[in-house]
Amino acid sequence: MPAQKTNTHLADLERDGFIVVKSIVSPEKLAILREASKKVEALGRAGEWPHIRTVGKQFPPWEFNPEKGIWGVQHMMNPDMPGHDLFTELYFSEAILSIVKDLLECEDEQLVMELFNMLVRPESEFDLRWHRDDIPAEASAEEEMERLGHPGFHAQYNFALYEDDSLILVPGSHKRARTDTERNADPFEPVLPDQLVVKLEPGDIAFYNNNILHRGVYDCKKERVTLHGSVGHSGGSALRARNVLQHGIGKWVDKVDFSKLEEKDRLRAEGMRARLIKLGSEAGEVGYSLQG
């Protein structure tokens with residue numbers, strides 16, 4: 001019998017709640033993405049792109065307050081975004097989606113288009129509090145375990161264009177309720193037991209379970225441009241709808257331009273978009289996962 005293929009990406013993700021894959025694009029591609037991203041970052045800082053993450057606001061609904069400074073830019077595939085074709089090409093690329101399919105144990109026909117945003121250096125010190133993306137801090141241990149017991153039906157990632165050590169997480173916490181120490185800690189506690197700083201070199205990508213206990217620590221003196229995305233699995237249905245649709249993607253997703261994609265990637269992208277639109281039509285009003 002032929003040897004069975006070992007899915008090391010999935011095994012590592014299930015054990016630790018995150019994985020890092022080194023250097024997934026060429027140096028030439030990295031340089032092109034950097035140039036396009038810096039133009040987008042400049043628009044966001046100048047208040048010339050309406051979809052930004054403002055310093056002081058951690059979760060959607062996002063507010064347009066560029067005078068407070070930004071820590072992110074939303075909607076990299078929006079057709080009104082300069083360079084959207086480059087970001088769309090990356091999002092639907094085999095370099096990323098081949099890993100996603102390993103993690104979700106699925107084929108193209110189950111993939112769902114989700115989010116693609118950008119995280120940048122804030123202009124003043126700004127940290128995110130410890131959180132799980134779709135489980136409120138007030139949840140009891142039983143409520144945490146009920147939610148963590150469901151399949152994630154997503155692959156969320158940070159793709160670093162420059163060195164990035166902003167993501168801090170507690171490995172293994174995606175499989176258990178918070179400890180008493182974690183539950184009682186200050187939301188901005190600088191060090192929790194067993195925490196790990198995820199260190200990315202330019203071109204590295206980190207995938208992580210979005211319900212792992214994690215936070216972001218952003219250094220206003222250090223360059224940061226990291227593309228932050230997620231891809232869904234069609235089995236997620238209502239479990240994923242709120243996480244995705246709360247960001248407002250439904251207002252423009254039908255206009256995303258796939259014309260510059262190679263035929264195989266374009267057909268896959270069309271299917272992924274159709275599944276997202278179907279998700280939106282079935283979900284109705286989804287509200288917001290977290291507050292603040």
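Reader: Leaving aside its neighbours within four places in sequence, which residues is Ile 24 in contact with?

Author: This is a predicted model, so local features need pLDDT of at least 70, side-chain atom pairs count only at pLDDT 80 or more, and totals for chains, interfaces and linings use all residues. Residues are numbered from 1 along each chain as its sequence is written, and side-chain values use heavy atoms, with hydrogens and water left out. Contact means heavy atoms within 4.5 Å. With sequence neighbours within four places set aside, Ile 24 is in contact with Ala 95, Ile 96, Ile 99, Phe 159, Gly 203 and Ile 205.

Reader: Is Ile 24 buried or exposed?

Author: Ile 24 is in the loop between strand S1 (18–21) and helix H2 (27–45); helices (H or I, at least four residues) and strands (E, at least two) are DSSP runs, numbered from the N terminus. Buried means under 20% relative accessible area, exposed over 50%, and partly exposed in between (1.4 Å probe, protein chains only). Because its relative accessible area is 15%, Ile 24 is buried.

Reader: Which residues touch the most other members of the largest nonpolar core?

Author: A nonpolar core is a set of buried Ala, Val, Leu, Ile, Met, Phe, Trp, Tyr and Cys residues joined through side-chain atoms within 4.5 Å. The largest one has 55 residues, and those touching the most other members are Met 113, Phe 159 and Phe 207.

Reader: Over to His 228: which side chain does its side chain make a polar contact with?

Author: His 228 has its place in strand S11 (residues 225–233), and it counts as buried because its relative accessibility is 12%. A polar contact is a pair of N or O atoms within 3.5 Å; within protein, one must be able to donate a hydrogen and the other to accept it, and residues adjacent in sequence count only if both atoms are side-chain atoms. At 2.7 Å, the partner of the His 228 side chain is the side chain of Asn 158.

Reader: Away from its neighbours within four places in sequence, what is Phe 207 in contact with?

Author: Phe 207 is one of the residues touching the most other members of the largest core. Beyond those sequence neighbours, its contacts include Leu 13, Phe 18, Ile 96, Ile 99, Leu 103 and Tyr 157.
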